[in-house]
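This report covers charge pairs, aromatic contacts, surface patches and a few backbone details. Keep the sequence and the coordinates at hand while reading.

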Amino acid sequence: MVSFTECFGGLFSKRSTPKQIEPDSAIGGLLQSYPANPVQHPELNPELSKIASNLETIIAFVNPKSGGQKGRIVFERLKNYLNRENIFDLTKGGPKLGIEKHKNKNDLRIIACGGDGTVGWVLSVLDEMKLENQPSVAILPLGTGNDLARTLGWGGGYNNESMEIFIKKVIFGKIVKLDRWSIETNLVYSDQNEIEVKTSSDAKDKLPLNVINNYFSIGADAKIALDFHSAREKNPELFTSQAFNKIEYAKNYSKDLLNRSCKDMLQDITVFECDGISYLDKLKTLNSHSIVFLNIPRYF
């Protein structure tokens, strides 16, 4: 079980409404003339100075490549609210060093700035570290789908909203629990005489991550996601906006709809059971091209 920070739209109903500032009028939308860090200059923002001690318990991990490179903007805006030592670029060593540095802080809260993959990365490192006091994790959604962020109330994407309001949600948000699942894979080799099973430790094609946070799938949608990921890794300069990313997903979906690349998927499945009940015949009746195991109520 891992703690997440869940935010609600009515969180500040009993507080004065923060002044809305256009995104381009101030870095982070804090002050029009002097966007100062409230930790370093509390006299310039009395309201935020009241929660300065809370700001010290927040660390942020930013994937600068997420959100069509929007992560770089978020990185700079966070500097106006958190100490520079509390903000980490995930492309420079990953999250482990930052967590190690701040792990002894009481009520440590982590902001994962990126897509669902970025959140999964941070959680996997927390798993490996086996901390006695697990920090809670908030999400600033910068990915394409952001299904986990939607589920926990953080929205479907960051669109230059006030960073001040977001930080307050991280501090005052409700902590909820999320079940996470591990998955084990085996390679099966067969001929007419015998079947040989190799465990994941022996397999050459191991899963890059064996933990399920959102969902796990096999078939057409998994292929579409893999094709998208491969294209983005090959030409990252083309994937500069969430809108473009979604268009690429739609194009890949349309291609697979015509090619029907996974139409024979069920021929390779001999057993499909859940709680001792076989669903293989039903899947064959539906002529399924994809099977998805959901852990959250949203699926992009």
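This is a predicted model: local features need pLDDT of at least 70, side-chain atom pairs count only at pLDDT 80 or more; totals for chains, interfaces and linings use all residues.

At 32% relative accessibility, does K223 count as buried, partly exposed or exposed? K223 counts as partly exposed, because its relative accessibility is 32%.

Residues are numbered from 1 along each chain as its sequence is written, and side-chain values use heavy atoms, with hydrogens and water left out.

## Salt bridges

Side chains of opposite charge can pair when their charged atoms come close. Here a salt bridge is a side-chain nitrogen of Lys or Arg within 4 Å of a carboxyl oxygen of Asp or Glu. The structure holds eight of them.

| D107 | R109 | 3.5 Å |

Take D227 and K223. Both lie in helix α8 (residues 220–234). They are four residues apart, about one turn of the helix. Helices are DSSP runs (H or I, at least four residues), strands are runs of E (at least two), and both are numbered from the N terminus. D227 is partly exposed, with a relative accessible area of 32%.

D264 has a relative accessible area of 38%. The value for K263 is 38%.

R109 is buried, with a relative accessible area of 8%. D107 counts as partly exposed, at 48%.

## Backbone and loops

D107 returns here for its backbone. It has a positive phi of about 55 degrees although it is not a glycine. D107 is found in the loop between α4 (96–102) and β4 (109–114).

K130 has a positive phi too, of about 50 degrees, and is not a glycine. Its place is the loop between α5 (116–129) and β5 (136–141). K130 is exposed, with a relative accessible area of 67%.

G153 sits in the loop between α6 (147–151) and α7 (163–172). It counts as partly exposed, at 37% relative accessibility. G153 and I139 are 14 residues apart in sequence. In space, their C-alpha atoms are 9.3 Å apart.

## Aromatic contacts

Rings of Phe, Tyr and Trp (its six-membered ring) pair if their centres lie within 6.5 Å; planes under 30 degrees apart count as stacked, over 60 as edge-to-face and the rest as tilted. The structure holds five aromatic pairs. In one of them, the rings of Y215 and Y299 have their centres 4.7 Å apart and their planes at 85 degrees, so the pair is edge-to-face. This pair links distant parts of the chain, 84 residues apart. Y215 lies in strand β11 (residues 215–219), and Y299 in the segment after β14 (290–294). Y215 is partly exposed, with a relative accessible area of 25%. Y299 is partly exposed as well, at 37%.

F216, F272 and F293 form one aromatic cluster.

## Surface patches

Patches are made of residues with over 30% relative accessible area and no salt bridge: like charges are joined within 9 Å, and nonpolar side chains (Val, Leu, Ile, Met, Phe, Trp, Tyr) within 5 Å. Accessible areas come from the Shrake-Rupley method with a 1.4 Å probe, and for residues only the protein chains shown count as cover.

Which residues gather in a patch of positive charge on the surface? They are K65, R72, R84 and K92. Lys and Arg count as positive and Asp and Glu as negative, while His and the chain ends are not counted. The place of a charge is taken as NZ of Lys, CZ of Arg, CG of Asp or CD of Glu. R72 lies in helix α3 (residues 66–78). It is partly exposed, with a relative accessible area of 47%.

Y299 also belongs to a surface patch. With V292 and L294 it forms a nonpolar patch, and together they have about 260 Å² of accessible area.

Note on methods
Buried means under 20% relative accessible area, exposed over 50%, partly exposed in between (1.4 Å probe, protein chains only).
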